[in-house]
Amino acid sequence: MKITIVGSGYVGLVTGACFSEVGIDVVCVDIDQSKIDNLNNGIIPIYEPGLEEMIVRNMKKERLKFTTNIAAAVKESEIIFISVGTPPDEDGSADLKYVLAVARDCGKHMNKYTLVITKSTVPVGTSLRVKKAIQEELDKRKVNIDFDVASNPEFLKEGAAIDDFLKPDRIVVGIESEYAEELLTQLYKPFVLNGHPIIFMDIVSAEMTKYAANSMLATKISFINDIANLCELVGADINQVRKGIGSDGRIGNKFIYPGIGYGGSCFPKDVQALIKTAGEYNYDLQVLKAVEAVNKAQKSILFNKILNYYNGDVKGKTVTLWGLSFKPHTDDMREAPSLEIVSKLLKAGARVKAYDPVAIPEAKHHFGDTISYYNDQYEALIDSDCLAIITEWPEFRIPNFNVIKKLLKTPAVFDGRNIYDKDEMRQNEFDYFCIGVDTVRYIL
Ligand code: NAD
Ligand code: UGA
């Protein structure tokens, strides 16, 4: 079996690496020449645990190749995945220009039956537009070639992408022909061996499933953040409340961790895009609008706590941030809560020092030299007034609190991810502020 994957970003690379890992011949295509050159030299453009080793291993076995030559790649494969970006337009709807450009490339170059599968997250109806674009190109060429389109949304999480792909909770596939179902059943066989189901459905439902899944997860997060904020006011502890509700199987204990708002390349844009789609059908998705509004407010929460602590004035204060990426185990800075916090701190006249185990090169694209970067988490604390935890990297979980206290001018820790224990912080005589727990203030 030979497949082509167009778009070699987070999803395309993980998909390509994992399919080649089970013995399938994969060609990954991208329009970015420098990305492809780097990949051909074993340089992986993103940080994703396990990805580099898997790519290099399969390149050596010659099962995984990288190219910018889409014409050749389309001709070589019967199965083509589209996994290019679908960033938000100015009005919040998904920008489909990259997806449709690839569809046209398929139509321009296919020379035999081809199954074109959209893996990018796309609004309902996009596969039909993909089909139309391919057909238009075939018509221009005046050729009659049979093809199918399918929708196969991806559910991997960054930081755990390889595991999610190899052992998916489920694989969702939208199809409109029996042959496409056969091909996809065959292709995904190695991934469903352990009982993970492959769920076939119509294409529109598959496209909708992806947005519904991300929106449901975003809803859980905004809900718990809203409850966390209320906990602070009434004197309850969200960490206990979370355990209390999470043990109810109907609610579940995943994705109910309070924090400083969801970030990343998908939840924010997908929630926005679904609201937009609903609007096009004159339907008001009220719940999701609230989810978005709560998330926006939540991204300011840690800054507000810092400002409050310094009596409304952080001018001249230095704040050290531990963590910059939108979640641990990735260098992805897209929509990271750190972007909002840094911007607010700088605007208020504070200085910012930062440490992140892997995201500093990415962060430099966003912050430039407006903040200082450190390669050591403790060094980043020297001469700082306080510490803020932005991303819950494992290495921040059991730090040397004595060193932190010695280095900070005020022993204040603002924990945006609730990784520390309030009682332990009290014993260590910190002023400790987290999310959804009544605040602990000892020194000042
Ligand atoms: P990305 O920005 O990391 O990668 C997209 C790649 O496509 C880039 O390398 C770009 O150069 C390439 N590209 C653009 N136009 C092209 C063209 N015409 N031909 C060839 N290559 C082209 O994006 P991503 O994070 O991998 O996301 C891709 C899609 O998958 C999006 O729709 C996203 O919503 C969805 N998704 C992402 C994740 C995730 O964790 N990042 C998870 C599930 C679904
Ligand atoms: C998310 C989904 O989890 C994937 O299933 C989906 O495929 C992907 O989006 C996508 O469509 O791109 P990802 O954005 O990589 O994956 O990361 P998550 O682990 O979902 O985290 C997203 C954000 O939510 C992070 O900022 C994280 O800190 C926050 N979060 C997550 C919370 O604040 N609380 C939680 O309990 C869980």
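**Overall fold and selected elements**

The protein chain comprises 17 helices and 14 strands in this predicted model. Its radius of gyration is 24 Å, close to the 22 Å given by the globule rule for 444 residues, so the chain is as compact as a globular protein of that length. Along the principal axes, the C-alpha atoms occupy a box of roughly 80 × 50 × 40 Å. Of the 444 residues in the protein chain, 46% are buried. Where contacts link residues at least 6 apart in sequence, 70% of them are between residues at least 24 apart.

Strand S2 (residues 25-29) is mostly covered, with 4 of its 5 residues buried. S2 pairs with strand S1 (residues 2-6) in the parallel sense, through 5 bridges. Within this pairing, Thr4 lies opposite Val27 of S2.

Among the helices, H9 spans residues 203-234 and contains 32 residues. The distance from the first C-alpha of H9 to the last is 47 Å, close to the 46 Å expected at 1.5 Å a residue. The residue that follows H9 is Gly235, which has a positive phi near 85°.

Terms used
Residues are numbered from 1 along each chain as its sequence is written. Chains are lettered from A and ligands numbered from 1 in the order in which they are written. This is a predicted model: local features need pLDDT of at least 70, side-chain atom pairs count only at pLDDT 80 or more; totals for chains, interfaces and linings use all residues. Helices (H or I, at least four residues) and strands (E, at least two) are DSSP runs, numbered from the N terminus. The radius of gyration is taken over C-alpha atoms; the globule rule is 2.2 Å times the number of residues to the power 0.38. A residue is buried if 20 or more other C-beta atoms lie within 10 Å of its own, exposed if 12 or fewer, and partly exposed in between; C-beta atoms are placed from the backbone. Two residues are in contact if their C-beta atoms, placed from the backbone, lie within 7 Å. The expected span of a helix is 1.5 Å times one less than its number of residues. Two strands pair if DSSP finds at least two bridges between them.
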